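My notes follow in the order I checked them.

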Amino acid sequence: MPGLTGRVAQRRRAGVLRQGWSHLLDDYPTALAWACGGRLVMTVDSSGALTAVDAARSDIVWSVADAHEPGPVHLAVGGPSFVVSAGADGVVASRDATTGALRWRHELGAAWLDTISVSPDGSRIATAAGRYVHRWSADGGDAWNSFEHPSTVAAVAWTPGGELVTASFGAVCVFGDEPEPKTRFEWPGSLVSLVLSPDGEVVACGSQDNTVHFWRTATGTDAAMYGYPAKPNALAFDDASRLLATGGGEAVTVWVFGDGGPEGTTPGVLDAHADTVTSLAFAPRSTTLASGGRDGGVLVWRLGPDGNGDAVGFDVCDGRIEAVAWRPDGRSLAAIDASGHLTTWRTGS
């Protein structure tokens, strides 16, 4: 496994990243989320096991070994009360976040569920399976299936107002209460990732052609950012909807929205990883950014208004970082890696 470059390679766990705990899971972890106001850390792994770990003591609070058949499993948390998982077995299920008790379960036959998302108010759930999106209310009812997208739906997300947004080949689609899209943003390429600005004004997507494409929802105007060496699969907006952090190589590129940008401006560049960035997350109500990479590195960056910044904390895990996630209060960070570890750090940020 490549090491981190420069000063980062000389030390492990330094700066604002302070020692927390690490828990070895039974298999390769595929998803990560904080639940119950940050009291629990949730993971699923490729064996199909769903596990809730006490964030303070690292004890397993509950675990369901056969929540899904083996294969990729996705995870989302709805408010403080429930967690939803969806897998390659075509099953979507909701459980009580505190106890793990099953709330409801739906089988979609041979459908391979590629992604899952819960609306900001916790009232709706969406999963993507091939060219279709399935939507339910939080209690598992009121289901509808979307129209057939032109290709596999790569990502789904919810606007602050509860509209569903999907990304696939050729277009971003926005849905209201009907299974036909109310708005389409066209793009002649394959969109592989999706993030919405928290204010709902920007839709940004990574594309198969190594670009980041974005649309302004009020006007439909669009623009593209070029020059990435790889597909930008990792995207994150800060809570102020001003900074868009993007992967697509070893460096993190940060575009600044507002003041006429990002069109025609020079982005910030955060360069310390020795391999491709795989996950990005801004701390709540902050411009502090966490990044994880194929090199096993987890870095914390403190950014300025121009998108540039310094690494103020770093650690090296035993395998490729699959996901990083901040506790809701921003005072702890969690990551899962390809060696099977769930790791947390205290940050004080």
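I looked for disulfides in this predicted model and found 0. A disulfide is a covalent bond between the sulfur atoms of two cysteines. The cut-off I applied is 2.5 Å between the sulfur atoms. Cys205 has a relative accessible area of 0%, so I noted it as buried. Cys36 is at 6% relative accessibility and therefore also counts as buried.

Next I went to strand E15, residues 155-158. I wanted to know which way its side chains point. Ala155 and Ala157 point one way, Val156 and Trp158 the other way, and all are buried. In a regular strand the side chains alternate between the two faces of the sheet.

I followed E15 to its partner, strand E16, residues 164-175. The two pair in the antiparallel sense over 4 bridges. I traced Trp158 across and found Leu164 as its bridge partner in E16. The hairpin of E15 and E16 has 5 residues between the strands, and Gly162 takes a positive phi near 90 degrees there.

Last, I looked up Val300, in strand E27, residues 297-303. Is Val300 buried or exposed? Its relative accessibility is 0%, so it counts as buried. Beyond its neighbours within four places in sequence, I listed its contacts, among them Val16, Leu17, Thr288, Leu289, Trp326 and Leu333. I also checked Gly248, which is 52 residues from Val300 in sequence and 18 Å away in space, C-alpha to C-alpha.

Methods: Residues numbered from 1 in each chain as written. Predicted model: local features only at pLDDT ≥ 70, side-chain atom pairs only at ≥ 80, totals over all residues. Heavy atoms only, no water. Buried < 20%, exposed > 50% of the residue type's maximum accessible area, 1.4 Å probe, protein only. Pairing = 2+ DSSP bridges. Contact = heavy atoms within 4.5 Å.
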